[in-house]
Amino acid sequence: MQVETKLPKVGTTIFTVMSQLAMQHGAVNLGQGFPDFETPEFLQEALIRAMRAGRNQYAPMHGVQPLREQIAAKTLALYGARIDANSEITVTSGATEAIFAAVHALVRAGDEVIVLDPCYDCYEPAIDLAGALAIHVPLSSPDFAVDWQLVREAVSAKTRMIMINSPHNPSGAVFAAADLDALADIVRDTGIVVLSDEVYEHIVFDGQPHMSVLRHPELAARSVVVSSFGKTYHCTGWKLGHAVAPAALTAEFRKVHQYVTFCSFAPAQWALAEMLDQHPEHHLDLPLFYQHKRDAFRAQLASTRFRCLPVPGGYFQLVDYSAISDLDDLEFCRWLTVEKGVTAIPLSPFYAAPPKGQRIVRLCFAKTEATMAAAVERLAQV
């Protein structure tokens, strides 16, 4: 049977490829972005309580009421945005599902969607499957800042959506208030929707606030904001996230969501509602928790030939390996895994057209001290 692929540019994701290679060669895996330490004990116990209380059947399509109410309360406390828990919040099966549902709800065949390169690898396939065209605008080097004039020049009569990501994966760059103002100026008086990927919203360093588009009323009125419980609570395997959007956008979002997953893991929703209610200090303390890990990792890497780039947010460290090798980033990551026993992620899969001669890879520091120490001991030998 001949099958014509709908995603000719897509193969196995680089995260799967590198994690499999890491397992095959017994490498320390600093590639895929998941913590290797435990989910908070209270949250684990809350999950068990929810299951024993019989919360094991379908959740409401848009999420259980207590969790949506806690999300609304947190959004007001952190960003000053008053969100309706019933009509503007949808619990999803992870952030990836939320991104897919948002694109397919709001983007039509022939539309254009602006993405900022390097960008997370699930963006363009969702756009392609919607029959739309991804317009890639490069971020500046070496700080991965947005050149808003380039974004403005990329806007056309076909532009339906602009996708942004702060803190940024893979670089860790974060938006300032001026970035939100610049974006608002571009989309004002247009029909452009903003999709804001904010899964690392609680991991912003050095005392800086997270500049969610929800802080900006003009942007919030035309945006879908995607968040991740997995990133915040060290439970990426639970695959739970949520999307916040004005009622009219949420109504369209839910039309797609209900036919993709319908609803998400019910016991975890009840557990997360309890966690948010009883332990808000967890997400408030998360920036300092990860800043300690960032600083310790950077200090350890000083003994190696890798050069660290700045990390304002997120839990990834970009390192320049040009003093070590002339291999391209994919081949270097394969060599590093097979020969030196540490797995990183190359940056080139995050680009439509990778910059020539760039020698940068991504390392995840959401790991235990023992994992990091084992990795650094091997990296010091490179």
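The model is predicted, so local features need pLDDT of at least 70 and side-chain atom pairs count only at pLDDT 80 or more, while totals for chains, interfaces and linings use all residues. Residues are numbered from 1 along each chain as its sequence is written, and side-chain values use heavy atoms, with hydrogens and water left out.

A nonpolar core is a set of buried Ala, Val, Leu, Ile, Met, Phe, Trp, Tyr and Cys residues joined through side-chain atoms within 4.5 Å; buried means under 20% relative accessible area, exposed over 50%, and partly exposed in between (1.4 Å probe, protein chains only). The largest such core has 69 residues, and Met163, Leu195, Val224, Tyr290, Phe306 and Tyr315 have the most contacts inside it. Helix H4, residues 94–106, gives the most to this core, with 8 residues; helices (H or I, at least four residues) and strands (E, at least two) are DSSP runs, numbered from the N terminus. Leaving aside residues up to four places away in sequence, valine 224 touches Ala102, Leu106 and Leu249, among others, where contact means heavy atoms within 4.5 Å. A second, separate core holds 59 residues, including Ala46, Ile83, Phe144 and Ala173.

Aromatic rings come next. Rings of Phe, Tyr and Trp (its six-membered ring) pair if their centres lie within 6.5 Å; planes under 30 degrees apart count as stacked, over 60 as edge-to-face and the rest as tilted. The count by this rule comes to 16 aromatic pairs. The rings of tyrosine 290 and tyrosine 315 form a tilted pair, because their centres are 5.4 Å apart and their planes stand at 50 degrees. Tyrosine 290 is buried, with a relative accessible area of 0%, and tyrosine 315 is buried with a relative accessible area of 0%. Ring pairs also link Phe37, Tyr200, Phe289, Tyr290, Tyr315 and Phe316 into a cluster.

Charged side chains complete the tour. A salt bridge is a side-chain nitrogen of Lys or Arg within 4 Å of a carboxyl oxygen of Asp or Glu, and the structure holds 12 of them. Glutamate 124 and lysine 9 meet in one, at 2.8 Å from N to O. Glutamate 124 lies in helix H5 (residues 123–129) and lysine 9 in the segment before H1, 115 residues apart. Glutamate 124 is buried at a relative accessible area of 18%, whereas lysine 9 is exposed at 61%. Another salt bridge joins arginine 294 to aspartate 206, with the closest N and O atoms 3.1 Å apart. Here arginine 294 is buried, with a relative accessible area of 8%, while aspartate 206 counts as partly exposed at 46%. Salt bridges that share partners join Arg152, Asp185, Arg188 and Glu218 into one network. Within this group, aspartate 185 pairs with arginine 188, the closest N and O atoms being 3.0 Å apart.
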